[in-house]
Amino acid sequence: MAFSANDHIYMTRALQLAEQGMLTTMPNPRVGCVIVKNGKIIGEGAHLKPGEPHAEVFALQQASDAAKGATLYVTLEPCSHTGRTPPCAQAIVNAGVGKVIAAMQDPNPQVSGSGLAYLQSHHIETASGLMQTQAEALNPGFISRMTRQQPFVRSKIAASLDGKTALNNGESLWITDEPARMDVQHWRARSCAILTGIGTVLADNPNMTVRELNVDRQPLKVIVDSQLQISSQAKILQGGNTLIAFSQANSQKETELLVAGAELLCIPNDEGKVCLKTLLSHLASREINEVLVEGGAGLNGALMAQSLIDELLIYYAPKLMGGAAKSMFAMPEFTHMNQAIALDIIDMRQIGVDIRLRAKPRFGN
């Protein structure tokens, strides 16, 4: 169906409401809802935390009896199954809503069209696809987990304008300025997990936590460490919530790390290294939606070589670090230009003195 200018206005508001849950809804999707009657908004809602009511329920509570015959705009198809909360589709029917417009169908196989079908079976007019691209952009991790059984992988890289991430001696603090580093905290906060490699842990001894933001949850810290080289005193192990993926058994070190509060996962590939695809599948099984990679050239190169990076988040600093400095990706040499990985740039902006570029790799092209 053709959507009107007012339809776009109300769905835009629903998308704004959904953004309120950007840092808190995981593992659930970010959803917003607006109820309109006689050209006026009579109810609004957003899903903010798992286990709490969904956006539609909050909006229906606000609209009360006036919801009868109204139009409901929601960024994701209303659920038709009982999960942590009762089905929203049933609540919409009970409220007597006359029409439901969803930005997109739910990629969850438990829903996937059945929510809208349920509404239709109760004589409620439905439509979907209004501002679908914007709605999908709110939930890349949830969509990826539901459709591919793996998280959405976003790799953050701080680099000089000549593409270097550390000096040849390993020094890398700080390439970018404070505003860019603060911006990274928001990407950490919206992620379910932060993935790094043992090289970064040994070189920088990072905490890998969200700082200077008022958040009530920290992402799972995940370390790729094939030979269990990490020290049991490493900062990243403090406070628990750390998973170490390894491939070569070492019973004494495993015991030390377990005592230090780490969780261990042995997933070797045929080369004796950590199987990255298996690791991502494991994270998906734990309801991890978005993964932020904060590693070095080795981990980034391995992920890129296996087409496992969905988005690059590159902060370019206005400085040059020289030819001997370390590059972004450790990958085999390309001998033909058709081997180069094309990128689709989706956003570019200045953050303080640095430039932040977001791009999607176009694998196989």
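A cavity is a set of points, on a 1 Å grid over the protein atoms alone, where a 1.4 Å probe fits but cannot get out. Grid points are joined across faces, edges and corners, and a volume is the space filled by probe spheres set on the points. This is a predicted model, in which local features need pLDDT of at least 70 and side-chain atom pairs count only at pLDDT 80 or more, while totals for chains, interfaces and linings use all residues. Residues are numbered from 1 along each chain as its sequence is written, and side-chain values use heavy atoms, with hydrogens and water left out.

**First stop: the cavity**

Rolling a probe the size of a water molecule over the atoms shows where empty space is left. The structure holds one cavity of 30 Å³ or more. How much space lies in the largest cavity? The value is about 50 Å³. Select Thr25, Met26, Asn28, Pro29, Arg30, Leu138, Asn139, Gly141, Phe142, Asn289 and Glu290 to display its lining; a lining residue has an atom within 4 Å of a point. By class, this lining has four nonpolar, five polar and two charged residues. In this classification Ala, Val, Leu, Ile, Met, Phe, Trp, Tyr, Cys and Pro are nonpolar, Asp, Glu, Lys and Arg are charged, and the others, Gly among them, are polar.

Next, select Met26 and Pro27. The peptide bond from Met26 to Pro27 is cis, with omega near 10°. Pro27 is placed in the loop between H1 and E1; such helices (H or I, at least four residues) and strands (E, at least two) are DSSP runs, numbered from the N terminus.

**Second stop: helix H6**

Select residues 140-148, which form helix H6. Seven of the nine residues in H6 are buried, where buried means under 20% relative accessible area, exposed means over 50%, and partly exposed lies in between (1.4 Å probe, protein chains only). The buried residues are Pro140, Gly141, Phe142, Ile143, Ser144, Arg145 and Met146. Their cover includes H5, strand E6 (152-160), helix H7 (178-190), helix H10 (276-285) and strand E12 (290-293); contact here means heavy atoms within 4.5 Å.

Move on to Gln149, which follows H6 and lies in the loop between H6 and E6. Gln149 has a positive phi of about 55° although it is not a glycine. With a relative accessible area of 48%, Gln149 is partly exposed. Most residues other than glycine have a negative phi, and most peptide bonds are trans.

Leu228 is found in the loop between strand E9 (220-224) and strand E10 (242-246). Is Leu228 buried or exposed? Leu228 is buried, with a relative accessible area of 3%.

**Third stop: the nonpolar cores**

A nonpolar core is a set of buried Ala, Val, Leu, Ile, Met, Phe, Trp, Tyr and Cys residues joined through side-chain atoms within 4.5 Å. In soluble globular proteins, nonpolar side chains tend to be buried together. The largest core has 40 residues, and those with the most contacts inside it are Met11, Ile35, Leu72, Tyr73, Ile92 and Val100. Among the elements that give two or more residues to this core are helix H1 (5-18), strand E1 (32-37) and strand E3 (71-74). H1 supplies the largest share, six residues.

Now select Tyr73. Leaving aside neighbours within four places in sequence, the contacts of Tyr73 include Asp7, Met11, Cys33 and Ile101. A second, separate core of 30 residues includes Leu220, Val222, Leu279 and Met304.

Gly45 is found in strand E2 (residues 40-46) and counts as buried at 6% relative accessibility. Not counting residues up to four places away in sequence, Gly45 touches Leu17, Val31, Gly32, Cys33, Ala55, Phe58 and Ala59.

How many disulfides are there? A disulfide is a pair of cysteine sulfur atoms within 2.5 Å, and by this rule the count comes to zero. Cys33 is in no disulfide, since the nearest cysteine sulfur, that of Cys88, is 8.5 Å away. Cys33 counts as buried, at 0% relative accessibility. The sulfur of Cys275 is 11 Å from the closest cysteine sulfur, in Cys266, too far for a bond.

Methods:
1 Å grid on protein atoms, 1.4 Å probe; cavity = no way out; pocket = protein on both sides within 12 Å on 5 of 7 lines; lining within 4 Å.
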